[in-house]
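Subject: Structure for you to look at

Hello,

Here is the structure I said I would pass on. Please open it beside this email and follow along.

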Amino acid sequence: MDRFNLPDGSLHYRLEGDAGKPVLLLSNSLGTDMTMWEPQIEALLGHFRVLRYDTRGHGGSLVTPGPYTMDQLGGDALMLIEGLGIERVHVAGVSLGGMTALWLAANAPAKVGRILPSFTSAHIGMPEIWNQRIATAESQGMQPLLDGVLARWFTPQFHAAAPATLARFRAMLGGQNPAGYAAACAAVRDMDLRARLKDISAPSLVVIGQHDLATPPVMGHAIAAGIADAKTAELPCAHIGNVEARDAYTSLLLGFLAA
């Protein structure tokens, strides 16, 4: 397990592949860890040096007192890139990871090549829903949240067709530190990047899940409308679309980054 030291703890990360290839940073969704990207890794390593990490509060990374902010989470990713001596990265992120991709493109444009904010939003709001989720995680742990979150992550058809994958993601979500998860929920609750979209100059492909209940298609189209020359692509999936529509998502990723 590779560790990168931040001022208040360390990030769990993995850097794989040929040092001569361009670097692709992958950022995980709320409630998961870097292993959510396993469906893409083999194909990506043929073209990129791949950098993955567990977002603060998740997986093997530091859990610090909340609430977290997008400036904090985006700043963690930027410190990781700079600390590893990487000049420039493409960024793909799902959900919270997509918000991180937007933050990096707006705040560190010299460090960012192309971005694929996927199944995400520049603003979600609905604080009462997030406050309830935070209170549940803090008082009862992750278990009461599992069914509701997994129902939004994948379509009913995928639930029926891929029980082993569902079991893996249930275990991943259930294994998160409740305090870290709650603190990251607060970052999503308070996040509003809408005014920063105009500052993004990186070529951008916004990937949208047609059946995404967590960040519905209208949110993805709003991101694309705010970024100059951004493109969109829709896939027949719900929120964790790099898993549910793995082959189509991988093809989009490779096609856009190779363009």
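How many bridges join strand β3 to β4, and do these strands run parallel or antiparallel? Five bridges join β3 (residues 23-27) to β4, and the two run parallel.

Before the rest, a note on the source. This is a predicted model, in which local features need pLDDT of at least 70 and side-chain atom pairs count only at pLDDT 80 or more, while totals for chains, interfaces and linings use all residues. Residues are numbered from 1 along each chain as its sequence is written, and side-chain values use heavy atoms, with hydrogens and water left out.

Some terms come next. Helices (H or I, at least four residues) and strands (E, at least two) are DSSP runs, numbered from the N terminus. Two strands pair if DSSP finds at least two bridges between them. Buried means under 20% relative accessible area, exposed means over 50%, and partly exposed is in between (1.4 Å probe, protein chains only). Contact, or touching, means heavy atoms within 4.5 Å.

The strands around β4

β3, helix α1 (residues 38-44) and β4 make a right-handed β-α-β unit. Right-handed means that, with the strands pointing away from the viewer, the path from the first strand over the helix to the second runs clockwise.

β4 also pairs with strand β2 (residues 9-16), in the antiparallel sense and over four bridges. There, Leu-15 has Leu-51 of β4 as its bridge partner. Four of the five residues of β4 are buried. β2 in turn is joined by five bridges to strand β1 (residues 2-6), and these two run antiparallel. A hairpin leads from β1 to β2 through two residues, and Phe-4 stands opposite Leu-11 in β2.

Leu-26 is in strand β3. Its relative accessible area is 0%, so Leu-26 is buried. Leaving aside neighbours within four places in sequence, the contacts of Leu-26 include Trp-37, Ile-41 and Leu-44, as well as Val-50, Leu-51, Arg-52 and Tyr-53.

β7 (residues 205-209) and β8 (residues 231-235) run parallel and are joined by five bridges. Val-206 has Thr-232 in β8 as its bridge partner. With helix α9 (residues 217-226), these strands make a right-handed β-α-β unit. Asp-229 lies in the loop between α9 and β8. The phi of Asp-229 is positive, about 65 degrees, although Asp-229 is not a glycine. With a relative accessible area of 70%, Asp-229 is exposed.

In helix α5 (residues 146-153), Leu-146, Val-149, Leu-150 and Trp-153 are buried. Seen down the axis of α5, the buried residues fall within an arc of 95 degrees, so they line one face of the helix. The arc is that of the directions from the helix axis to the C-beta atoms. What covers these buried residues includes α4 (127-140), α6 (156-161), α7 (163-174), α8 (178-190) and α10 (241-244).

The largest nonpolar core has 93 residues. Such a core is a set of buried Ala, Val, Leu, Ile, Met, Phe, Trp, Tyr and Cys residues joined through side-chain atoms within 4.5 Å. Phe-154 and Phe-169 are among the residues that touch the most other members. Not counting residues up to four places away in sequence, Phe-169 touches Leu-150, Trp-153 and Phe-154, among others.

Loops worth a look

Phe-119 is not a glycine, yet its phi is positive, near 50 degrees. At 1% relative accessibility, Phe-119 counts as buried. Thr-120 is buried too, with a relative accessible area of 3%. The side chain of Thr-120 reaches the backbone oxygen of Ser-95 at 2.7 Å and the backbone nitrogen of Met-99 at 3.5 Å.

Pro-67 is found in the loop between β4 and α2 (70-83). The peptide bond from Gly-66 to Pro-67 is cis, with omega near -5 degrees.

Regards

Conventions: Polar contact = N/O pair within 3.5 Å; in protein donor to acceptor, adjacent residues only side chain to side chain.
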